[in-house]
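Here is a short tour of a protein model, written for someone who likes to see contacts and surfaces in numbers. Have the structure open as you read.

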Amino acid sequence: MLKREVAKRVFAKEFEACRELEKSTRSASEAADSKSPNLLISPLGLILNRVFIVGVLTELDSIGTQNEMWKARIVDPTGAFTVYAGQFQPDASIFFSTVQVPAFIALTGKARIYEPEPGSIFISVRAEEANVVDEEIRNRWVVDTAEQAVDRLEAFSDALASGYRGETLREYLLERGVSEELAEGISIAIEKERVPQVFAKQLRASIRQGLRTLNFEAEDTTGAKADQKEFVLELLREMSGGKGIDYAAFVDAAVSRGIPEEVVEEVVRSLLAGGQCYEPRIGIIRFVG
Amino acid sequence: MDEKIAPHLEELTRALGDIEKTGIRAEFDKLLAFRVPPEVAKESILRKFGGKRKILKVKDLSAALKNFEITGRILDIGEKAIRPQEGVKEGPSKLYTGVLADETGSVVFSSWKELPGSVGDVINIRNAYTRLWQNRIRLSIGEQSLVSKVSDSSLPQLSELSQSPAKKLIDVGAADFSIGAVACILQLSHREVLIRGKQSKVISGVLGDETARLPFTAWVELPGIDIGSIIRIEGAQVRMFRGMPSINILSSTKVSSVGPEEAEKLVFTFESVAKDPAPMKIEEIASRDSMFDIAAAGNVVSVRPGSGIISRCPECSRVVQKANCRVHGKVEGVRDMRIKAVLDDGTGAMSVMFPRGLAETIYGKTLEEAEQLMFSDISKDAVYEDLRRILTGRYLAVRGNSSKGEYGVSFVAESAWVPEDDLAVRVVELLHRLGPDDEDYVSEVSGGGINLA
Ligand SMILES: [Zn+2]
C-alpha cells in the first residue's frame, strides 16, 4: 500500500478546465514510475488526481451494452461534474444502484481525461466511494472549496503581478508561504495559458455568485443577521489595525452601533475557530496577515 | 602539475571544495594510477561525492538521509573497542561515538574511522548519512565519508554549544538528546513506580508553549511548581516513545520558575497555552514526524476495513482472529469496537483511529446495538456497511496525537466532534477577499438592468 493520496477540493468550473500534466514537466523519478497517477493541472495551477466533491445528483443513467456502467451528473454552484462507475468500482456502483435522484451526495473519485480527437477534451470523475449527505455538509463543502480556491486565486494573482517566471517564480512563491506543489503548478500553468488572467476572472465571478446562492437555514431568511455580521467583520477589520484590539472595547464599540452582543461574540468566535483571527495575548483580537 | 589533469582538478575543486584536505585528490590520483583516463576519473569522483553539495544543519537532520555535508564542533567523543566475531575477517574494530553540535542543535554521531579532531574542534563531514538508532537520529560517518578539520570556523565556542539549546517545543524531535525550554505546566500528576525494586515518586504531565505541547516526566521533585507555573528547564533529556518526543527532567536538569516580570515578556500565558488547540491543516501535520495533542478537521472520505466489532484477547488485548490469539492461543475473545477512517481536508489525508468510546459517539450506536445488528443480519459485513453509510462524507474534527510512518500519518483520536464554525461569517469573509463584482460581469448577468457606466 502506498501513502494515501489527498482528495482535492475543486469546483466543477475549475475541474472541467483542467488539462493533462505532461510527464516531462514532472520530476524524472516520478515520470519513470509507471504507477504514478495520471495528474491533471488546472488553469490556476492546481495539480490533482483524486477529488472529493459534494453536490446535487441531478441525473443518473445506466449505460453500456449490458447497462454495466453508471453515468451521473453532480451539480455544484459553478457547474457540473460527470461521474462514471463501472464494474471495477463496485462500491460506487452499488451506491448508484440504490440512490434516488435528486439527492445531496458526497463522492471521492479519480480524475479522467479523454481526448477522442485533438481539441475535444472530456474530463470526468471515476467514482470510488459515495454516500448520501445533507444540505449542511454540502454548504460546508462549498465554503471549504471556495476558501481553497480563493487561496489559489490570490497566489496566482500574486504570481502574475510578480513578473517572475519558471524557477524564480517557484522560489518566489515558496518564499511567500505557498505549498511546494502549488508553487510548481502555478509556474507550469502560467506558461501554458496565453492570457492567464481570463480564467481567474471568470472563476472569481462564478464563486462569488455561487456563495450568494447558499441558503443558510432559517437564520438568514431576512438577511438582517448576515448584514449585522458583515458589519461586525468590517468594524473589527477597521478597529483592530496591525496591533489588534481589546475584545471588551470592541464589543462595547459594536453594541453602541446597535449590534446585539451575542452576534458580536458569534462572529469573533467563528473567526477565531476559522483561523482568520487569533489572540496574540489574552483578550486581544487580531486579524491574521 | 600535469596540464592534462589541471582543468579536471579545477572543476573538482569548484564542485567539491578543498580536494587536497578532504582526500578527494588522493582518490583521484589513485584512479589515475590505475590508468583511468582523467575525464572518466573526474566523472566517477563527481558521481561518488555528489557534484551538487547538500549542506545541512543539525536541525535539518531526519532519519535515513544520505550523501550530505555537515559541519559541527565536537562536544564529546569516546571510543568503543569492538571485538571482531570469531571466524569473521577482521573488519573495523573501533567505533568512535560522541556528540556534534552547531548553532541549531546537537546530534549523537558514530564513526568507523578515527576523526581528525578532538573535543572542541570543528570538523566538516562529506558523504555523511543518518540512521535511526534506539528511536533517535544518529549521524553516521562511514568508510565513504570524508572528514576534515576546519581551523577557522565561525561556529559558537564550546562553552556556548555545551549548554543545551533553548528550543520551542515544536522543534523538539528525534535529533535532540538534551534541550532547554521555557514552557508552562498544563497537566501534572504524581505516581509511584517501581524502579529496580524501589518505590519511587514520578511526576508526569504536559508542557506547553505558543508552538506546541509535549508530555514530560520528572524523576525528581519539583517543589513549588504546579499547574499554571511557567518554568525554565535546562539540560532536560529528550526521550522518544512511540515516535513521540517526551521531555525527561532528571537530577542533572536545572528547573526554575519564571517570575511574573519575565513572564510578562513571553509571547504566551497559561491561559493562551491552555486553550483548546485550533484545527491545523493536515498538510502541516504531515510535514512533522509526530505531533502531540493537536486538532484537525476534515471529511471522512473512507471508512477502512477492520472497522466495527472486533474481538480482543482477555490476556493481552491483541486483536483475535478466529478465537486465536497469536501469543495466547485459543481464548474466549472480549468484544470491542473501533473505527479506522481516512480524514481528508483537501490539503492532506490521514488515517484516524477512534477507540470504542469515540466510535460509539460518532457512529451513534453502542457496542451492544452494533452486536444486535451483526446477529440479525445475514451479511458478516453488516456493521462495516452500516458504518460506511453513516460516516462516509461527514465532517469531523478530532483531537489527539499524530505520528508519521511508511503509510503516511496515523492519528489516534482522543476526542471527536462535528465542527461548528459559522458558515455565514466565512462567506462574508470570502466575499471580501474576492473583491467587488467586475463591472463587465455585472452588466453581463444583470439582464434587464441598464448599465450607464
Ligand atoms: Zn493474547
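Predicted model: local features only at pLDDT ≥ 70, side-chain atom pairs only at ≥ 80, totals over all residues.

**Domain 3 against domain 4 in chain B**

Where domain 3 of chain B meets domain 4 of chain B, seven residues of the one are in contact with seven residues of the other. Together they bury about 550 Å², with carbon and sulfur atoms giving 64% of that area. One salt bridge is counted between these two domains: Arg213(B) pairs with Asp293(B), and their closest N and O atoms are 2.8 Å apart. The count of residue pairs in polar contact between domain 3 and domain 4 of chain B is one, taking pairs with both residues at pLDDT 80 or more.

On the domain 3 side of this contact, strand 10 (213-218) and strand 12 (244-249) of chain B each supply at least two residues. Strand 10 of chain B gives the largest share, three residues. By type, the residues on that side of domain 3 of chain B are five nonpolar, one polar and one charged.

**Chain A against chain B**

Now to the contact between the chains. Chain A brings 57 residues to it and chain B brings 51 residues. The area buried between chain A and chain B is about 4800 Å², and carbon and sulfur atoms account for 54% of it. Three arginines stand out on the chain A side: Arg4(A), Arg140(A) and Arg208(A) supply 15% of the area that chain A buries against chain B, more than any other three residues.

Nine salt bridges are counted between chain A and chain B, one of them joining Glu154(A) to Arg433(B) with the closest N and O atoms 2.9 Å apart. There are also 26 residue pairs in polar contact between the two chains, with both residues at pLDDT 80 or more.

Several elements of chain A supply at least two residues each to the side that touches chain B, including strand 7 (103-117), strand 8 (120-132), helix 7 (196-213) and helix 8 (224-240). Helix 4 of chain A provides the largest share, 13 residues. The side of chain A that touches chain B divides into 25 nonpolar, eight polar and 24 charged residues.

**Salt bridges by name**

Over all chains, the structure holds 36 salt bridges. Three of them are set out here.

| Residue pair | N to O distance |
|---|---|
| Arg213(B) and Asp293(B) | 2.8 Å |
| Glu154(A) and Arg433(B) | 2.9 Å |
| Glu14(A) and Arg152(A) | 2.8 Å |

**A sheet in chain A**

Finally, three strands of chain A form an open sheet in the order 1-2-3, with antiparallel pairing. Strand 1 (19-20) and strand 3 (47-48) of chain A are at the edges with a single partner strand each, so one side of each has no neighbour in the sheet. Strand 2 (residues 40-41) of chain A pairs with strand 3 of chain A over two bridges, and Leu40(A) has Leu48(A) in strand 3 as its bridge partner.

Definitions and conventions
Residues numbered from 1 in each chain as written. Chains lettered and ligands numbered in written order. Heavy atoms only, no water. Contact = heavy atoms within 4.5 Å. Buried area = accessible area lost by both parts, 1.4 Å probe. Salt bridge = Lys/Arg side-chain N within 4 Å of Asp/Glu carboxyl O. Polar contact = N/O pair within 3.5 Å; in protein donor to acceptor, adjacent residues only side chain to side chain. Helix = DSSP H or I, 4+ residues; strand = E, 2+ residues; numbered from the N terminus. Nonpolar A, V, L, I, M, F, W, Y, C, P; charged D, E, K, R; others polar. Pairing = 2+ DSSP bridges.
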